[in-house]
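This report walks through a two-chain model, one chain at a time, and then turns to the contact between the chains. Keep the structure open while reading.

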Amino acid sequence: MAALSRTLLERTAEILNDDPFVKENTKRCKATLYLACENNKFALAFDNGKVRLLADGESGAEPVVSISGNKENWNKIISGLPGGLHRAFRHKLLRFEGDATTMLTIWKTIWRLGEALANENKEGR
Amino acid sequence: MAYAYVKGVRMYYEEIANEKPALLLVHGAAQDTLSWRFNLQALSRWFHVYAIDLPGHGKSQLAPTGPIDDLEVYALYVNAFADTMNLMRYDVMGHSMAGGIALHMALHRPEAVTAVFLVDGACYTSGTYGDEMFELVAINPVDWFEVNFRTICSRSTDPGRIEEIAFDVRRCAPEVAFNDIRAYAKLDLRGKMADVKTPLIAIHGEDDWSIPCELGKKTLEMAGGPTIYLPLHNVGHFPHTESPSVFNSAVEEAMKQLESLVKFQ
């Protein structure tokens with residue numbers, strides 16, 4: 001069963017660090033993206049083209065964006081729902097909140113994050 | 001390649017001239033005539049083809065009022081383009097939001113529009129666009145649209161072809177792309193579909209989650225005239241660009257069925 005987990009996000013952060021879309025999209029950006037699935041909360045820090053999964057309890061730099069939702073809808077993304085996180089936004093499967101300008105600035109990164117989560121989950125590495 | 005002056009706007013169009021019936025090709029949101037680049041020659045087998053850039057798109061001027069946010073206004077421009085070309089009767093093929101434009105054209109001129117081809121189009125939307133979404137999209141419509149275009153292609157589509165589709169949207173002015181999506185979001189012709197008596201052909205990619213097949217099918221069910229439905233397997237929102245040979249074959253099939261329909265009538 002797919003689940004948004006620290007292990008999956010660690011692998012996903014590695015993938016994002018090698019993703020040319022993400023490097024280009026975040027090369028002049030400092031921001032934190034929180035991902036919340038029911039009681040679990042994780043944070044990815046973007047710092048001038050680098051992506052890092054923050055440790056539990058470590059707070060990220062402003063500005064902040066968050067994507068949150070229940071396990072059922074996160075599992076759809078992780079299981080490879082066509083359209084991924086972009087579709088989750090359009091169809092309101094997950095809540096997208098926080099600094100609006102930053103959210104739309106890193107929109108391509110958010111898209112790639114959804115793709116990476118699904119690919120890593122499928123690979124099961 | 002040529003320009004026509006339509007209601008004071010210099011509109012760009014491409015034409016493959018012959019003695020066959022006229023077909024107007026209308027591109028989707030944030031796109032232009034290039035979206036038909038793999039189809040013009042194939043379509044000229046049955047039609048004298050005109051592909052136009054809507055006002056503000058591609059090489060066409062903006063309308064005097066600025067970027068258009070109403071599909072009916074776009075329809076008036078396209079019908080006026082037909083007047084400029086001295087066309088008395090013509091088919092219209094509209095992709096995505098331009099499916100709505102084509103339906104408006106048929107409603108305005110039932111005597112002139114002889115058939116409407118909806119390419120991943122419908123008479124209403126799935127209702128996923130709201131004010132909250134527009135506020136966000138307005139911040140960066142080009143990136144948002146590019147991601148949208150990339151994700152509504154089929155996973156079976158060649159990645160190189162997806163890059164071309166993504167490139168289409170990056171050519172479009174952000175304010176034009178944004179108003180296109182606002183125009184599309186307002187589309188709802190369900191109450192008028194019984195008045196659409198002209199043959200209606202829906203060619204629809206089965207992998208399109210943005211305008212799902214269901215919307216195309218329901219549009220046909222509401223129409224007041226004959227209909228043809230041609231779903232395309234392993235194709236997303238851009239059948240004519242993602243899988244041109246499959247799409248062109250579907251048009252061939254549509255023309256065969258259309259001929260039978262017309263004979264039967």
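## Chain A: elements and overall form

Helices here are DSSP runs of H or I with at least four residues, strands are E runs of at least two, and both are numbered from the N terminus. By that count chain A holds six helices and five strands. The model is predicted. Read from the N terminus, the elements of chain A follow the order α-α-β-β-β-β-α-α-β-α-α.

Chain A has a radius of gyration of 13 Å; a compact globule of 125 residues would have one near 14 Å, so the two agree. The C-alpha trace of chain A spans about 35 × 30 × 30 Å along its principal axes. Buried residues account for 44% of the 125 residues of chain A. Among contacts in chain A with a separation of 6 or more, 72% join residues 24 or more positions apart.

## Chain A: the sheet

In what order do the five strands of the open sheet in chain A lie? The order is 3-2-1-4-5, and the pairing is mixed. Strand 3 (50-53) and strand 5 (95-98) of chain A are the edge strands, each pairing on one side only. From one strand to the next, the twist averages 20 degrees.

Strands of a sheet pair through backbone hydrogen bonds, in either the parallel or the antiparallel sense. Strand 1 (residues 30-37) and strand 2 (residues 40-47) of chain A take the antiparallel sense, over eight bridges. A:Thr32 has A:Ala45, in strand 2 of chain A, as its bridge partner.

## Chain A: helix 3 and helix 6

Helix 3 (residues 71-78) of chain A has buried residues at A:Trp74, A:Lys76, A:Ile77 and A:Ile78. The buried residues of this helix pack against strand 1, strand 4 (64-69), helix 4 (84-90) and helix 6 of chain A. Just after helix 3 of chain A comes A:Gly80, with a positive phi of about 95 degrees.

Helix 6 of chain A covers residues 107-123 and includes A:Glu123. Is A:Glu123 buried or exposed? A:Glu123 counts as exposed, because it has 9 C-beta neighbours inside 10 Å, and the cut-off for exposed is 12 or fewer. A:Glu123 and A:Pro20 are 103 residues apart along the chain, and their C-alpha atoms are separated by 20 Å.

## Chain B: overall form

Chain B contains ten helices and eight strands. Its radius of gyration is 17 Å; the value for a compact globule of 265 residues would be near 18 Å, so chain B agrees with it. The C-alpha atoms of chain B fill a box of roughly 50 × 40 × 35 Å along the principal axes.

Of the 265 residues in chain B, 51% are buried. Contacts in chain B between residues at least 6 apart in sequence join residues at least 24 apart in 76% of cases.

Why is strand 3 (residues 22-26) of chain B described as largely enclosed by the rest of the structure? Five of its five residues are buried, so the rest of the structure largely encloses this strand. In a regular strand, side chains alternate between the two faces of the sheet. Both faces of strand 3 of chain B are covered. B:Ala22, B:Leu24 and B:Val26 are buried on one side, and B:Leu23 and B:Leu25 on the other.

Strand 3 of chain B pairs in the parallel sense with strand 4 (residues 48-52) of chain B, over five bridges. There, B:Leu23 stands opposite B:Val49. Strand 3 of chain B also pairs in the parallel sense with strand 5 (residues 90-95) of chain B, again over five bridges. In that pairing B:Ala22 stands opposite B:Tyr90.

In soluble globular proteins, nonpolar side chains tend to be buried together. The largest nonpolar core has 116 residues, and B:Leu24 and B:Val78 touch the most other members. Leaving aside residues up to four places away in sequence, B:Val78 touches B:Leu24, B:Val26, B:Ile52, B:Ile101 and B:Met105.

## Where the chains meet

Chain B puts 13 residues into the contact and chain A puts in 15 residues. On the side of chain B that touches chain A, helix 5 (residues 141-151) of chain B gives the most, with five residues. That side of chain B divides into six nonpolar, four polar and three charged residues.

Methods: Residues are numbered from 1 along each chain as its sequence is written. Chains are lettered from A and ligands numbered from 1 in the order in which they are written. This is a predicted model: local features need pLDDT of at least 70, side-chain atom pairs count only at pLDDT 80 or more; totals for chains, interfaces and linings use all residues. The radius of gyration is taken over C-alpha atoms; the globule rule is 2.2 Å times the number of residues to the power 0.38. A residue is buried if 20 or more other C-beta atoms lie within 10 Å of its own, exposed if 12 or fewer, and partly exposed in between; C-beta atoms are placed from the backbone. Two residues are in contact if their C-beta atoms, placed from the backbone, lie within 7 Å. Ala, Val, Leu, Ile, Met, Phe, Trp, Tyr, Cys and Pro count as nonpolar, Asp, Glu, Lys and Arg as charged, and the others, Gly among them, as polar. Two strands pair if DSSP finds at least two bridges between them. Axes are lines fitted to C-alpha atoms, for helices over the stretch in contact, and angles run from 0 to 180 degrees between N-to-C directions. A nonpolar core is a set of buried Ala, Val, Leu, Ile, Met, Phe, Trp, Tyr and Cys residues joined through C-beta atoms within 7 Å.
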